[in-house]
Amino acid sequence: MNAITVEHVTKHYPGFSLQDVSFSLPQGSILGLIGENGAGKSTLIRLLMGAAKADSGTLTALNTDSRSPDFAAAKEDIGIVLDDAYFPEVLSAKQVGKVMAHTYQNWDSALYQQYLQQFSLPGDKLFKDYSRGMRMKLAIAVALSHHPRLLVLDEATSGLDPMVRDEILDIFNDFTRDESHSILLSSHIVSDLEKICDYIAFLHKGKLLLFEEKDRLLEEYTVLRLTSQQLSDLDPDAVISRRSSPYGEEALARRSALPSFITAERTTLEEIVLLLAKGDTAR
């Protein structure tokens, strides 16, 4: 069963288009949605959450079409965290909890208090006096406290210091220990996604260049640094993307298609993404 299914989704705006995007997130998994600013990540999330309407294609979350009248009820089981927390600045964390108790049928006040303590969030301090890290922790506490089955997170770790990011990533890992729970995590911080994600989707200028299991991606692909002649001697089907540098040629290649005399070193997700985005033969 899939927690999210996106099928042939297209959305046109002046100066930007999301083009024929398709992927699915299996239940119990974490999907990392990677892309530079303006790649279409937030547009895709808005479409998925029913905040905008696709020009074509379908998007479903928890088996409910985002355009269906039933989707409002489905949102009870979806926790959403955007790139900033948007609560009234004059409210305290305690007051935010009271508001949420009238918003979600499954709101768990005791669990919310537990998260406030875990995140060291002062209940009486006004939201306007919270740091960015505290604001994001509060948003995550709210998202988790109505017992969602799906978390949709748009740049939830952006702008946070490494220690706070690690703490939040641990929380997301704990969430998916329940096999009925799933996460869509959009970020341009590739190292965060490499730590916790099961699947990777890479958006670039509105196009989905890559969708793959993370472990298979890291096992199957390698970055080679060769001379132009060495690169030209390789099977063209082995090379996915390449770019020139002052020190020679860099190429993203499939390990399985390389000759035995080529040393294929383990690469990182960030290297793979950069070569897909900047290489002159990117798919």
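Are F127 and Y130 buried or exposed? Both are buried, where buried means under 20% relative accessible area, exposed over 50% and partly exposed in between, with a 1.4 Å probe and protein chains only. The model is a predicted one, in which local features need pLDDT of at least 70, side-chain atom pairs count only at pLDDT 80 or more, and totals for chains, interfaces and linings use all residues. Residues are numbered from 1 along each chain as its sequence is written, and side-chain values use heavy atoms, with hydrogens and water left out.

The protein chain contains ten helices and 13 strands; helices (H or I, at least four residues) and strands (E, at least two) are DSSP runs, numbered from the N terminus. Its radius of gyration is 21 Å, close to the 19 Å that the globule rule gives for 283 residues, so the chain is as compact as a globular protein of that length. The radius is taken over C-alpha atoms, and the globule rule is 2.2 Å times the number of residues to the power 0.38. The C-alpha trace spans about 65 × 40 × 35 Å along its principal axes. Of the 283 residues, 51% count as buried. Among contacts in the chain with a separation of 6 or more, 68% are between residues 24 or more positions apart; contact means heavy atoms within 4.5 Å. The accessible surface comes to about 13500 Å², and 48% of that surface belongs to carbon and sulfur atoms. Accessible areas come from the Shrake-Rupley method with a 1.4 Å probe, and for residues only the protein chains shown count as cover.

The aromatic side chains come next. The structure holds six aromatic pairs. Rings of Phe, Tyr and Trp (its six-membered ring) pair if their centres lie within 6.5 Å; planes under 30 degrees apart count as stacked, over 60 as edge-to-face and the rest as tilted. F23 and F211 form a stacked pair, at 5.9 Å centre to centre and 25° between the planes. F23 belongs to strand β2 (residues 16-26) and F211 to strand β10 (residues 207-213), so this pair ties together parts that are 188 residues apart in sequence. F23 counts as buried because its relative accessibility is 6%, whereas F211, at 29%, counts as partly exposed. The rings of F127 and Y130 have their centres 6.2 Å apart and their planes at 50°, so that pair is tilted. Ring pairs also link F23 and F211 with Y199 into a cluster.

Charged side chains supply another set of links. A salt bridge is a side-chain nitrogen of Lys or Arg within 4 Å of a carboxyl oxygen of Asp or Glu, and by this rule the count comes to 16. One of them joins D166 and K195, at 2.7 Å from N to O. D166 lies in helix α6 (residues 162-175) and K195 in helix α7 (residues 190-196), so the bridge ties together parts that are 29 residues apart in sequence. D166 is partly exposed at 34% relative accessibility, and K195 is partly exposed at 48%. The bridge between E249 and R242 has an N to O distance of 3.6 Å. E249 counts as buried at 9% relative accessibility, while R242 counts as partly exposed at 25%. In the bridge between D129 and K128, the closest N and O atoms are 3.5 Å apart. R225, R243, E250 and E271 are linked in a network of salt bridges.

T64 lies in strand β5 (residues 64-65) and is buried, with a relative accessible area of 14%. Leaving aside neighbours within four places in sequence, T64 is in contact with L59, D70, F71 and A74. I80, in strand β6 (residues 78-81), is partly exposed at 34%. I80, L82 and Y86 make a nonpolar surface patch of about 290 Å². Patches are made of residues with over 30% relative accessible area and no salt bridge, like charges being joined within 9 Å and nonpolar side chains (Val, Leu, Ile, Met, Phe, Trp, Tyr) within 5 Å.

D83 is found in the loop between β6 and α3 (93-101) and is partly exposed at 37% relative accessibility. D83 and S42 are 41 residues apart in sequence and 9.3 Å apart in space, C-alpha to C-alpha. Apart from neighbours within four places in sequence, D83 is in contact with R132, M136, D154 and E155.
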